[in-house]
Amino acid sequence: MSVAELAKKLERPLDDVQEAMLYVPGADNIEANAKLEDLKIIQNIAKKLGAKTRVVAAPEADTEDEHKDRDVFPRPPAPPELLKHRPPVVTVMGHVDHGKTTLLDSLRGADVAAGEAGGITQHIGAFTVTLENGEKVTFLDTPGHAAFSAMRARGAVATDIIVLVVAAEDGVMAQTREVIQLAKEAQVPIIVALNKIDKPEANIEKSKTELAQMGLALEEHGGDVQVIPISALKGTNLELLAEAVSTQATLMGLKADPTGLVEGIVVESKTDPRRGKLSTAIVTRGTLRKGSVLLSGLAHAKVRGLFDHNGAPLTEAAPGTPVEILGWRELPLAGDLILEVETEKKAHAVLKYREHQAQLAKVESSSDEIRKKEEEHQAKYRAEREARRLAGRFRMRGGQRVKQIDKNDGIPRVSVIVKGDVHGSVEAILDVLDTYNSNDRCRLDIVHYGVGNVTEGDLELAKAFNAIIYAFSVETPQTKEAKDVKIKSYNVIYRLIDDLKEQLSSQLPPVEAEEQLGEANVLQNFFINEGRKEVPVAGCRCTKGVLKKAQRFRLLRDGEVIYDGALESMRHLKNEVDSIKKDVECGLRFKDAKVLPQPGDVIQCYTTHMEAQKTDWDPGF
């Protein structure tokens, strides 16, 4: 500290301090702004002036200020003179199997649908198509499957125009409604493509009526929604659809600023075993080049490579371009914003801040739960303390400490590990697993989930938890360890869920099922002498099936069970027999002689056997 600062802290005039310094060895410079480096000298000066000193830690700078201005945000809108024309981003949406991917194949002349599992799209694909008039259009293909609603919502956010594919023979279906809802919420214009008009059962007018009922103002009814009948397979009217898209884009006057820091949206992210972590993104502002430092959520990247949808390297990506980015340190989450920062140092600072914020949010959200647990614990503790007091002071002390064990209440459980090729698929599978609601019959434990191939760590986990590994469109190791673990590979979400349902069903204990063998009506009740006793016998006629003496019998009167048990004897014309066929009369005598059958009663013959149970989980598709 300086001499002046010392005087201020001691609350003494500067002259006093300077005078005291003359008597302290080493304090040579007594100027007001001279720095006193040595702690010993400062302590001696204070002592001379009759003050006590104490060494404390330096005051902490306010942490709030430290984190201020750490985060990055999208830039404010650019001035109009900087804006340049950009290709529209068109998302193709519609119900599962209505022909979205085939339409895109026809538009870009490649065969994607054939390479898809069961012909069902399970990722968002993004690519650029050059139309015949030379204009470029960026297309996004979204899954139509019920399980992928989150992905469809992401597709709708990144988009300028939605092409809604409706199969002319099916009309409006569940996901078609969902897309119309999404488009209304996001205020995105819709162009309807009525597909499969080449099929004989196609009904164009019916489909149009259904669309109008959903609240779409069609052009022929004076609205602004264009409906174009097409056949994606035969290539009919595709140029009309392309024109409609380009006209809509021109009307919207889509422009973007190609200068400055890059902004974009993550469409999908995945781990490639050879190239590492990749993400498909659409650039919305700025021009993306190699070497840029990008941030998305809690992930960051230094761009090592850019590729187009065919895997060809790009030098740069202008706004409206879909691009595959190589160089992520962590996988960004699909649907997140991508922002470019100037340096890696800045990126690390922002990440640190974001992680800190995430931590705070987590603490905030879990504090209620913690409070609840504490209260429960306190109540339990008080009850135990009371019990101890009543039982005498130290009686409860001894005894071995019991290890805390997870309550295994005898409920069977199925543990699973989910590994998927891209973040979107894993998210969709977990969303479906969230609908499982029969935990009281058989527990479903998700031990771990992640993006990428099945690793040694996953195998270890699976062994420890006796879990099944579900590999969704990813490679599985062919090692010796993998032989001892159940690994199931699927590339269609339906089949994966069906298999899981079978696993859950196999864990349920078998239940006793009843099989009706036959039925008889009691015509008369009479008594016969058995030794010295009179015993009742029911004279019956078999009306249904077969009565077998060895099986169980039930006597019903007005729907109420009077007797349920075995037979003592079954006779037909005085002869003891083992079975009675339909329309044959017989005498039946029950083991319990107190039961008195009456005319009009019904006797049922049945057998029981154990039957496997099925899980009642309905994932909704």
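Let me begin with a term: a polar contact is a pair of N or O atoms within 3.5 Å; within protein, one must be able to donate a hydrogen and the other to accept it, and residues adjacent in sequence count only if both atoms are side-chain atoms. Before I use it, note that this is a predicted model, where local features need pLDDT of at least 70 and side-chain atom pairs count only at pLDDT 80 or more, while totals for chains, interfaces and linings use all residues. Residues are numbered from 1 along each chain as its sequence is written, and side-chain values use heavy atoms, with hydrogens and water left out.

Now to Thr287. A polar atom of the Thr287 side chain lies 2.7 Å from the backbone oxygen of Pro258. Thr287 sits in the loop between strand E10 (276-285) and strand E11 (288-289). Helices (H or I, at least four residues) and strands (E, at least two) are DSSP runs, numbered from the N terminus. Is Thr287 buried or exposed? It is buried, with a relative accessible area of 10%. For these words, buried means under 20% relative accessible area, exposed over 50%, and partly exposed in between, with a 1.4 Å probe and protein chains only. If residues up to four places away in sequence are not counted, Thr287 touches Pro258, Gly260, Val262, Glu316, Ala317 and Ala318. Contact here means heavy atoms within 4.5 Å.

Next, Lys346, which is in helix H10 (residues 344-390). Lys346 is partly exposed, at a relative accessible area of 31%. Leaving aside neighbours within four places in sequence, Lys346 is in contact with Val72 and Val341. Between Lys346 and Asp71 there are 275 residues in sequence, and 9.4 Å in space, C-alpha to C-alpha.

Most residues other than glycine have a negative phi. Asp558 is not a glycine, yet has a positive phi of about 55°. Asp558 is in the loop between strand E25 (552-557) and strand E26 (560-565), and is exposed, with a relative accessible area of 80%. Leu573 has a positive phi of about 50° and is not a glycine either. The loop that holds Leu573 runs between strand E27 (567-572) and strand E28 (575-576). Leu573 is exposed too, at a relative accessible area of 69%.

Now the salt bridges. Side chains of opposite charge can pair when their charged atoms come close. The rule used is a side-chain nitrogen of Lys or Arg within 4 Å of a carboxyl oxygen of Asp or Glu, and by this rule there are 26 salt bridges. One of them joins Lys549 and Glu576, with the closest N and O atoms 3.0 Å apart. Lys549 is in the loop between strand E24 (547-548) and E25, and Glu576 is in strand E28, so the pair ties together parts that are 27 residues apart in sequence. Both ends are partly exposed: Lys549 at 24%, Glu576 at 40%.

Asp564 and Arg554 form another, at 3.5 Å between the closest N and O atoms. Asp564 belongs to strand E26 and Arg554 to strand E25, ten residues apart. Asp564 is partly exposed at 34%, whereas Arg554 is buried at 12%. There is also a network, in which salt bridges with shared partners join Arg75, Asp257, Glu263 and Arg285.

Cys586 is buried, with a relative accessible area of 7%. For Cys605, the nearest cysteine sulfur is that of Cys542, at 8.7 Å. Cys605 is buried as well, at 0% relative accessibility.

Terms used: Disulfide = S-S within 2.5 Å.
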